[in-house]
Every structure is written in structure tokens, then in C-alpha cells.
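The following exercises are to be worked through with the sequence and the structure at hand. Each task is followed by a solution in steps.

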Amino acid sequence: MGIEVVVEGLTMSFGKQNIWQDVSLTLPAGEVSVMLGPSGTGKTVFLKSLIGLLKPQQGRVLINGVDMVSSPERDIYETRKLFGLMFQDGALFGSMSLFDNIAFPLREHTRKRESEIRRIVMERIELVGLLGAEDKLPGEISGGMRKRAGLARALVLDPQIVLCDEPDSGLDPVRTAYLSQLLIDLNARIDATMLIVTHNLDIAATVPDNMGMFFRRRLVTFGPREVLLTSDEPVVTQFLAGRREGPIGMSEEKDAALLAAEAVDPAGRAAAPGHRPAAGTLPGLPPRAAVTRRRERVLGMLDQLPPAARAAIRDTYARTAGAPTLTMPAPGSGS
Ligand SMILES: Nc1ncnc2c1ncn2[C@@H]1O[C@H](COP(=O)(O)OP(=O)(O)O)[C@@H](O)[C@H]1O
Ligand SMILES: [Mg+2]
């Protein structure tokens, strides 16, 4: 099962530029969490801080008792091996076949024999649906396939924590939907703790167990998805609705994805009909183990949540009675 990641009072600045301050959250073991936020709010910096590549000035990131901010570098290095990272651009080597790209971490970090490497790589290639493309160069395949290759590479060392930085950037809506399903199915199969950074509203509304959002140097909220989806914080509702009106401005932290969403759907999202089901696993896969654990955890914390979120969670679990598919009122639906 995945490992819990506990972040306490994290504050990060580059010189005089403060990126965010006093960020605290827990990524529950084995659950899927999504982090939203306009461009430039420090989401990538946050991911790099979790793996100890960047060092915030204050706070702790605790994983199995190791603090990724201030523990000895050798402990951080060992703990980093628990992570699988999927970068924004896939970050593949252009001159290497997909097979060699995906095999790279195994050849670099393990002493496995080539036959064993082949077995692992082909298994991951199948997992992400790239069978038959293993001999292609990154330049010969679509952006969606490159993303999936990046994901396969992130998975070869059997990570217990998977971080994906904007896995949807540059993908069309159909490919994004496939990728969302892939991430959920992946969670069902490997039960890793997952954090996905995105500003894709469809991924945000359907994939996660938990959601958070960065804005103006703060973590605005982080918790069960129902909390954010029922929030009446102006910045959250503006972001989820993809509206122009609100605290997120053109000059400040407003990004291309948001502008595109507005252009396609100027007011529609706020009035979107009733319910947005969270993605279940595809037929033939086991239900996600995280679903049962999350249910216990979330029902156990009900009295700490705002009334709207409480009602939504009660509604979710009353309606589905343990089935792996959750349903959720859309923001602004008035329920
Ligand atoms: N290594 C660095 N040195 C200095 N500034 C940085 C560094 N990395 C990121 N930043 C700054 O941190 C801010 C947040 O960046 P980033 O985490 O990439 O935002 P996001 O991923 O949310 O779009 C940006 O203003 C960026 O210029
Ligand atoms: Mg980024």
C-alpha cells in the first residue's frame, strides 16, 4: 500500500519572492489527490519540495519518519526511491526508443539483469496501453502516447508515491479522459499514494479522493473532494466554474488553460446539471482499495467539515452504499 505524506508548515521563497507560506496537508496513504491552482502559484515547486529537490525555508515533509527538508541527504536520497515522477512534458530522451526510455531508471538505479528489465518494462508498457510502440522514438508518436510513456517510466521502480505534474497539458479532451481513467486504474492496481497537479477541470471533478488549491501564496483548501466542490470561497468557485468574474485576474495568475475554458464555456459550467460522478475502475479491474479506506476516514472526520461538504459526503455514501463509483453535486447546482 502507498505511504502517507505529511506536510507541516511549509514556507518557500526564492530570494525575496515568497512562493507560498505555511502549507500543511496530509496525502492519505493510497488515495488519489489533485492539486489545482493558476499558473505560477508554485505547484511544481511544491512537488519538487516533496521529493527534497527544493528546500523550503520552514516546515517539514515527513515520509516514513524522514523529513525531506532537513534530514541527512542520504536518508532523503533513499526515500526519494519510493517516488515515481511524471513530468509536465514527459521528459523523454529524444534519441532513445520508448523501451530504452522506460528502462532507463532500472538500468541507472538497479543491477537487474537485462531479461528482468525487459519483463518489467514490457509489463509497464502494457499497463499504459503502449504495446507495439516500444521501438518507436518519442518524436514518432503523439503527445498522448509520450505522456503515457512518461507515466510508464515513472512506474518501473514500483513507486509507493506517484507525482504527476500536469499530465494533461497539451492533450485533447478525449486523450485527457483516457489518461484520467488510466490514473484511476493505476491506483486500483498498485494502490500507491498519488498527487496530480492539473488545471484540467474534468480531471479535477472526476478523478480525486482529495483536492486542494494554491492561490496567492496560500494553500486555500485541501481535503476530501467534497469540501472543495461545495466550497463557496470566491477563488474556488471561479476556478471550478472557469468564469472571468472573480478574484483570479487577467494580469495576476490567470493562465491559458483557464482562458481556453472560458472561451469554450463562458458561463455554462456554473450551471452544469446535477451530478458529476467520480471515475470508477474499468470492468475487470479490482475496485480501488483506497475507496474503502477513504470512506472510513472521511466519515470519521465529518464533524470537522463545513455543512455543505458534510451533506455532500453523506449523500455520496448513502447513494452508492459502498460501490466504487461516487457521485457529487456540481458546484453551483444549488443542492
Ligand atoms: N529554481 C527556481 N529559482 C527561482 N524561482 C523559481 C524556481 N523555480 C520556480 N521559481 C518561481 O516560482 C514560481 C512558481 O513556479 P511554479 O512552481 O513553476 O508554478 P506552477 O507550477 O504553479 O505554474 C514562479 O514565479 C517561478 O518563476
Ligand atoms: Mg508547473
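**Exercise 1.** Which residue in β8 is the bridge partner of Ser33?

*Solution.* The model is a predicted one: local features need pLDDT of at least 70, side-chain atom pairs count only at pLDDT 80 or more, and totals for chains, interfaces and linings use all residues. Residues are numbered from 1 along each chain as its sequence is written, chains are lettered from A and ligands numbered from 1 in the order in which they are written, and side-chain values use heavy atoms, with hydrogens and water left out.

Step 1. Locate the elements: helices (H or I, at least four residues) and strands (E, at least two) are DSSP runs, numbered from the N terminus. Strand β3 covers residues 32-36, and β8 covers residues 193-197.

Step 2. β3 and β8 are joined by 4 bridges in the parallel sense.

Step 3. Read off the partners. Ser33 has Leu195 as its bridge partner in β8, while Val32 stands opposite Met194 of that strand.

**Exercise 2.** In what order do the strands of the 6-stranded open sheet lie? Describe the place of β3 in it.

*Solution.* Step 1. The order is β6-β7-β8-β3-β9-β10, and the pairing is mixed. At the edges stand β6 (83-86) and β10 (218-224), each of which pairs on one side only.

Step 1. Neighbouring strands are turned against each other by 15° on average, direction ignored; the axes behind such angles are lines fitted to C-alpha atoms, for helices over the stretch in contact, and angles run from 0 to 180 degrees between N-to-C directions.

Step 2. Consider burial: buried means under 20% relative accessible area, exposed over 50%, partly exposed in between (1.4 Å probe, protein chains only). In β3, 5 of its 5 residues are buried. Val32, Val34 and Leu36 point one way, and Ser33 and Met35 point the other way.

Step 3. Helix α6 lies across β3, β7 and β8, and runs at about 165° to β8.

**Exercise 3.** Which strands stand at the edges of the 4-stranded sheet, and why is one side of each left without a neighbour?

*Solution.* Step 1. This open sheet has the order β2-β1-β4-β5 with antiparallel pairing.

Step 1. The edge strands are β2 (17-27) and β5 (66-67); each has a single partner strand, so one side of each lacks a neighbour in the sheet.

Step 2. The antiparallel pair of β4 (residues 58-63) and β5 has 2 bridges, and Ile63 stands opposite Val66 in β5.

Step 3. Helix α1 (residues 43-50) packs on this sheet, touching β1 (5-14), β2 and β4, and its direction makes about 125° with that of β1.

**Exercise 4.** Which residues have the most contacts inside the largest nonpolar core?

*Solution.* Step 1. A nonpolar core is a set of buried Ala, Val, Leu, Ile, Met, Phe, Trp, Tyr and Cys residues joined through side-chain atoms within 4.5 Å.

Step 1. The largest core holds 50 residues, and Leu36, Val121, Leu151 and Met213 have the most contacts inside it. Helix α4 (residues 114-127) supplies the largest share, 6 residues.

Step 2. Apart from this core lies another, of 30 residues, including Val45 and Val197.

Step 3. Contact means heavy atoms within 4.5 Å. Leaving aside neighbours within four places in sequence, Leu151 has contacts that include Met86, Cys164 and Leu186.

**Exercise 5.** Is Arg288 buried or exposed, and with which side chains does Arg288 form polar contacts of 2.8 Å?

*Solution.* Step 1. Arg288 lies in the loop between α10 (256-264) and α11 (289-300).

Step 1. Arg288 has a relative accessible area of 7% and is therefore buried.

Step 2. A polar contact is a pair of N or O atoms within 3.5 Å; within protein, one must be able to donate a hydrogen and the other to accept it, and residues adjacent in sequence count only if both atoms are side-chain atoms. The side chain of Arg288 makes such a contact of 2.8 Å with that of Asn187, and another of 2.8 Å with that of Asp209.

Key: Pairing = 2+ DSSP bridges.
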